[in-house]
Amino acid sequence: MIGTAIAGNTASLSTIWDSPVIDLILHHGSVAGRPGAGPALALSMILVAVVCAFTGLCYAELASMIPIAGSAYTYTYATLGELVAWVIGWDLILEYAFSNMSVSVGFAAHLVDLLDWLGIRLDPKWLSPAYLPLGLQDLAGKYIYTPGWHSGFNIPAFLIVIILTVLLVRGIRESAKTNNMMVLFKIGAILVFIFAGLSFIHPHNYHPFSPNGWPGVLAGGSIIFFTYIGFDSVSTASEECCDAQRDVPIGIIATLIVCTILYIGVALVLTGMVPWNSIAGDGAPIVNALKRLSLGPGGSRLHWVRLVVLLGAIIGMISSILVFQLGQARVWFAMSRDRLLPDVFSKVHPKFRTPAFATWVAGILVAIPAGLFDVGTLAELSNIGTLFAFVLVSIGVMILRRTQPERRRGFRVPFGPVIPILSVLFCILLMTGLPIRTWERFFVWLIIGLFVYFFYSRKRSEFATKN
């Protein structure tokens, strides 16, 4: 069951190398008004694992009430009604899109490092986002680009999304065996980094361990949430379990335990190897830390460790982008099928039998911003969308316990309403750790969504047709 749980969380394992996991959480408070966690990032990870355990159990109960597999949009549409389903669906579009924009930027940074390892140097103008709030520095700390906009475009981030979109349009299905092999390779790369980096740890880098106290730990948790959102794939398979009452909680908890241990190991080794505030603004902080140390005394063996980490990161992020692009297109497809979006989004390609239009729209909406913007802004919007969706799911569990107590549940969250209430409170707590600017953008997105619903979707939905 643990192997299945790890495979289910493959997207989370993929993003451990991405800069939202390390860079955004570590950098100092002068950046975007966020107090950095520093080495206390490990505590942020434990906090988020606890929150995700509560939320994941709530998600599993809601999923087990629906006799088909699907996303939170499908569950809420069948149980809580059209308006709540629209809000979650609109929110999931934000979550999936900005998650993949962020991972795409991280992929580009690692691809550049792989080319550098191979001795291939390209113009950074076409390898970095047009907007760099922290600028772009070389290993010596000299600015290649000062903070702000520059005349460039992140071509690798753009191309990876377009290429995977083409594959999804043609109909790509990941087999369980291939997926498991990719997960094992990613875990192997993580373990290689941890064990190789242990001998390069300098204890003085851990002082101060928590430079910004609780605000830093909370802000770190608000960003690190991005890396845990893959656990919901375990709950979506609840109807396929032989014993959902036993298997679902084991799968979710085992997933969170394994991934949290790996995350903590990476964070502690990295912050022990290099000063935590020396990797701010770095799209590939782990591999660049390895590069920096490999040039010093006794660091020659890290040259090959860096290659293993690069390959693991690149494979992991490709699989992550593929999974979430597929999920995003399915949300568009499902909302169109329910007549909440134009019919063209649910049309199936005559040859490939895939929702080609929805897949292309999802790909273009991710690819272009991925070439323009920095990873920080993208990750924050993904997190607030995810946390908001989980709040609604947890509230939905409590509502359905009262309104539909007789409905069959393959899995029930233990301890009555206690865990759903804790899930709501902790998710809101993590949301408070995000900057005001992120909240403003999120509310603008919701307002746009409600405007579309009340002036378009509601008038043509299935419920409107029946009336």
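User: Where in the chain is Arg 353 found, and what makes it count as exposed?

Analyst: Arg 353 is found in the loop between helix 13 (302-337) and helix 14 (356-372); helices (H or I, at least four residues) and strands (E, at least two) are DSSP runs, numbered from the N terminus. The model is a predicted one, in which local features need pLDDT of at least 70 and side-chain atom pairs count only at pLDDT 80 or more, while totals for chains, interfaces and linings use all residues. Residues are numbered from 1 along each chain as its sequence is written, and side-chain values use heavy atoms, with hydrogens and water left out. Exposed means over 50% relative accessible area, buried under 20% and partly exposed in between (1.4 Å probe, protein chains only). The relative accessibility of Arg 353 is 58%, so this residue counts as exposed. Its phi is near 60°, a positive value in a residue other than glycine.

User: What makes Phe 415 exposed, and why is Arg 412 called partly exposed?

Analyst: Phe 415 has a relative accessible area of 65% and is therefore exposed. For Arg 412 the value is 37%, so the term is partly exposed. Phe 415 lies in the loop between helix 15 (375-403) and helix 16 (418-432), and Arg 412 has its place in the loop between helix 15 and helix 16. Phi of Phe 415 is near 65°, which is positive in a residue other than glycine. Arg 412 and Ala 60 are 352 residues apart along the chain, yet their C-alpha atoms are separated by 8.0 Å.

User: Why is Asn 154 counted as buried, and which residues is it in contact with?

Analyst: Asn 154 has 1% relative accessibility, and therefore it counts as buried. Its loop runs between strand 4 (148-149) and helix 7 (155-170). Contact means heavy atoms within 4.5 Å. Leaving aside neighbours within four places in sequence, Asn 154 is in contact with Val 105, Ala 108, Trp 126, Leu 127, Ser 128, Pro 129, Ala 370 and Gly 371.

User: What makes a group of residues a nonpolar core, and which residues touch the most other members of the largest one?

Analyst: Such a core is a set of buried Ala, Val, Leu, Ile, Met, Phe, Trp, Tyr and Cys residues joined through side-chain atoms within 4.5 Å. The largest has 103 residues, of which Tyr 73, Trp 86, Phe 193, Met 273, Leu 290, Trp 332 and Met 335 touch the most other members. Helix 6 supplies the largest share of this core, 16 residues. Not counting residues up to four places away in sequence, Trp 332 touches Ile 93, Leu 341, Phe 345, Ala 358, Val 361, Ala 362 and Leu 365. A second, separate core has seven residues, among them Leu 41, Ala 42, Met 45 and Cys 259.

User: How is the chain as a whole described in terms of helices, strands and buried residues?

Analyst: There are 18 helices and four strands. Of the 467 residues in the chain, 58% are buried. Among contacts between residues at least 6 apart in sequence, 80% join residues at least 24 apart. The accessible surface (Shrake-Rupley method, 1.4 Å probe; for residues, only the protein chains shown count as cover) comes to about 18,600 Å², with 70% of it belonging to carbon and sulfur atoms.
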